[in-house]
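Subject: Structure for your review

Dear colleague,

Please find the structure below, followed by a short account of what was found in it.

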Amino acid sequence: MITLDLHRLCEIKGITHPHAFLTAKGISHRTATTMLNGKGKGLRFAHLEKLCRIYHCMPHELFN
């Protein structure tokens, strides 16, 4: 199963408050909560692109 693993990426990047970081960068509160809790059923390409820009990473680094 492929999962979005933002907590691991935040640890690597030294981000201590991932939810506050995502909302400050333009991700909505609800979307950030869903992504961080792993409850989402899908991921929009717009969100994928935005996450890659925010974390300065490639798409494969977001997933586990």
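In helix 4 (residues 45-55), the buried residues are Leu48, Leu51, Cys52, Ile54 and Tyr55. Because these residues cover an arc of only 165° around the axis, they lie on the same side of helix 4. Helices here are DSSP runs (H or I, at least four residues), numbered from the N terminus; buried means under 20% relative accessible area and exposed over 50%, with a 1.4 Å probe and protein chains only. The arc is taken from the directions from the helix axis to the C-beta atoms.

This is a predicted model, in which local features need pLDDT of at least 70, side-chain atom pairs count only at pLDDT 80 or more, and totals for chains, interfaces and linings use all residues. Residues are numbered from 1 along each chain as its sequence is written, and side-chain values use heavy atoms, leaving out hydrogens and water.

The buried residues of helix 4 pack against helix 1 (6-13), helix 2 (18-24) and helix 3, where contact means heavy atoms within 4.5 Å. On the face turned away from the buried side, helix 4 carries the exposed residues Phe45, Ala46 and Arg53. Histidine 56, which follows helix 4, has a positive phi, near 50°.

Aspartate 5 is placed in the segment before helix 1. Aspartate 5 is buried, at a relative accessible area of 18%. Leaving aside residues up to four places away in sequence, aspartate 5 touches Leu62, Phe63 and Asn64.

Yours sincerely

Methods: Helices (H or I, at least four residues) and strands (E, at least two) are DSSP runs, numbered from the N terminus.
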